[in-house]
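Hello,

Here is the structure I promised to pass on to you. Have a look at it first, and then read my notes below.

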Amino acid sequence: MYPLDNLNVPDSPKALTSSSPAEDAADSNSCKSNYFKGLLLDLDGTLIDSEHTHLAAYRRMFKAKGWKISDSEMDIFKGRPGPEVFHNEPGPWHGLDPEKLGLEARSYVDIRRDPPRIFAGAREIMQLKMPKCLVTSAWKQWAQLAAQLLNAPTNLKVISQEDISAGKPDPEPYLLGAKTLQLPVSSCIVIED
């Protein structure tokens with residue numbers, strides 16, 4: 001079973017709302033600037049908060065494997081792709097395939113049990129009439145699900161971990177986002193936490 005499959009999430013009663021760094025950018029006048037033509041949007045920490053969603057998935061996976069990982073040790077997974085952590089950090093996963101472990105961890109994500117929080121203003125940003133691209137270190141399916149939770153337009157562009165060789169803070173993801181929007185980087189605004 002894959003908990004993310006076949007979900008009708010836009011009407012989900014469990015989608016919570018919180019305040020966010022992106023709230024100010026949702027001002028309706030913000031898209032009328034002569035200085036920028038597109039938005040490059042970070043996902044987690046900017047539009048949604050799913051840190052608890054993903055940490056819960058890792059905890060379920062580790063429990064199923066019999067691995068004892070303390071809460072303080074779980075901090076290495078915050079804001080980083082799982083395969084990167086499994087490859088670069090010491091732990092009971094040493095010697096195992098980091099990509100396979102990352103895929104396995106995804107199977108433990110359950111947004112019904114641990115729904116991400118939608119930040120205030122995030123859905124309004126998605127409705128701005130200008131080119132937008134989600135630029136995230138998350139995997140593509142997660143980004144697409146988050147876009148549904150945000151009521152994003154169906155033509156929203158997404159750059160995810162599968163599209164890049166160097167993750168943030170390297171500029172590659174945002175440069176690719178601007179290219180995907182067919183805009184010069186200098187005409188895009190990045191909204192990042």
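The sulfur of C188 lies 8.9 Å from the closest cysteine sulfur, that of C133, which is too far for a bond. A disulfide is a pair of cysteine sulfur atoms within 2.5 Å, and by this rule the count is 0 disulfides. C133 is thus in no disulfide, with C188 holding the nearest cysteine sulfur. In general, a disulfide is a covalent bond between the sulfur atoms of two cysteines.

Are these two cysteines buried or exposed? C133 is buried, at a relative accessible area of 0%, and C188 also counts as buried, at 11%. Buried here means under 20% relative accessible area, exposed means over 50%, and partly exposed is in between (1.4 Å probe, protein chains only).

Please keep in mind that this is a predicted model: local features need pLDDT of at least 70, side-chain atom pairs count only at pLDDT 80 or more, and totals for chains, interfaces and linings use all residues. Residues are numbered from 1 along each chain as its sequence is written, and side-chain values use heavy atoms, leaving out hydrogens and water.

Now for the whole chain. The protein chain has 7 helices and 7 strands (DSSP runs, H or I of at least four residues for helices and E of at least two for strands, numbered from the N terminus). From the N terminus on, their order is β-β-β-α-α-α-α-β-α-β-α-β-α-β. Of the 193 residues, 46% count as buried.

Happy exploring!
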